[in-house]
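Me: I have a structure open and would like to talk it through with you. Could you look at it with me?

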Amino acid sequence: MAETLRQRLVRGYSYSIYIDGMRTFEATNESYHVEIKTYAATNFTEAQIINALAKGWITETESAETLSIKYPNGIPVQEEAPSE
């Protein structure tokens, strides 16, 4: 199925916010916010989301909302290998 205009905009906004830092949620129509966060949660790595936060491209709240979509049961904790 062909990508709709809205889907294309969501994809573009997601990359511009999380990957390039060229756009912010403030500069994006609020009706797209949930879809952008869902796209990012589905298509970007946790490291990419954290990087966007570290660079100030997204807020703590936006990061937390995105990660809660990515990990609906909570962020998995990696256990450290036992030291010898």
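What follows is a chat about this predicted model, moving from the overall fold to helix packing, aromatic rings and one serine.

Me: How many helices and strands does the protein have?
Reply: This is a predicted model, and the protein in it has four helices and zero strands, so that, read from the N terminus on, the elements run α-α-α-α.

Me: What does the C-alpha trace span along its principal axes?
Reply: The C-alpha trace of the protein spans about 55 × 30 × 20 Å along those axes. Of its 84 residues, 27% count as buried.

Me: And what share of the contacts join residues at least 24 apart?
Reply: Taking the contacts between residues at least 6 apart in sequence, 52% join residues at least 24 apart.

Me: On to packing: at what angle do α1 and α2 cross?
Reply: Their axes cross at roughly 70 degrees and come within 9 Å, which makes α1 roughly perpendicular to α2. The crossing in which α1 passes α2 is right-handed. On the α1 side the contact is made by Arg 6, Val 10, Arg 11, Tyr 13, Ser 14, Tyr 15, Ile 17 and Tyr 18, and on the α2 side by Glu 35, Ile 36, Lys 37, Tyr 39 and Ala 40.

Me: How do α2 and α4 pack?
Reply: The axes of α2 and α4 are 8 Å apart, and the two helices pack at an angle of about 60 degrees; they are therefore oblique to each other. Here α2 passes α4 in a right-handed crossing.

Me: Which residues of α2 and α4 meet there?
Reply: From α2 there are Lys 37, Thr 38, Ala 40 and Ala 41, and these meet Glu 62, Glu 65, Thr 66, Ile 69 and Lys 70 in α4.

Me: Switching to rings, how many aromatic pairs are there?
Reply: A search of the whole structure finds six aromatic pairs. In one of them, the rings of Tyr 13 and Tyr 32 have their centres 5.4 Å apart and their planes at 85 degrees, so this pair is edge-to-face.

Me: Why does that pair tie together parts that are apart in sequence?
Reply: Tyr 13 lies in helix α1 (residues 5-19), whereas Tyr 32 lies in the loop between α1 and α2 (33-43), so the pair ties together parts that are 19 residues apart in sequence.

Me: Is Tyr 13 buried or exposed?
Reply: Tyr 13 is buried, because its relative accessible area is 16% and the cut-off for buried is under 20%. Tyr 32 counts as buried too, at 14% relative accessibility.

Me: What lies over the face of Tyr 32?
Reply: Arg 6 lies over that face, at 4.2 Å from the ring centre. Lys 37 is placed over the face of Phe 25, at 5.1 Å from the centre of that ring.

Me: Which residues form the aromatic cluster?
Reply: One aromatic cluster is formed by Tyr 15, Tyr 18, Phe 25, Tyr 39 and Phe 44.

Me: Last topic, where is Ser 63?
Reply: Ser 63 has its place in helix α4, which covers residues 60-70.

Me: Buried or exposed, that Ser 63?
Reply: Ser 63 is buried, because its relative accessible area is 3%, against a cut-off of under 20% for buried.

Me: And what does Ser 63 touch?
Reply: Leaving out residues up to four places away in sequence, Ser 63 touches Ile 49, Ile 50, Leu 53 and Ile 58.

Conventions:
Residues numbered from 1 in each chain as written. Predicted model: local features only at pLDDT ≥ 70, side-chain atom pairs only at ≥ 80, totals over all residues. Heavy atoms only, no water. Buried < 20%, exposed > 50% of the residue type's maximum accessible area, 1.4 Å probe, protein only. Contact = heavy atoms within 4.5 Å. Phe/Tyr/Trp six-rings, centres within 6.5 Å; stacked < 30°, edge-to-face > 60°. Lys NZ or Arg CZ within 6 Å of the ring centre and 35° of its normal. Axes fitted to C-alpha atoms, helices over the stretch in contact; angles between N-to-C directions. Parallel < 35°, antiparallel > 145°, perpendicular 65-115°, else oblique. Left-handed = near helix turned anticlockwise from the far one by under 90°.
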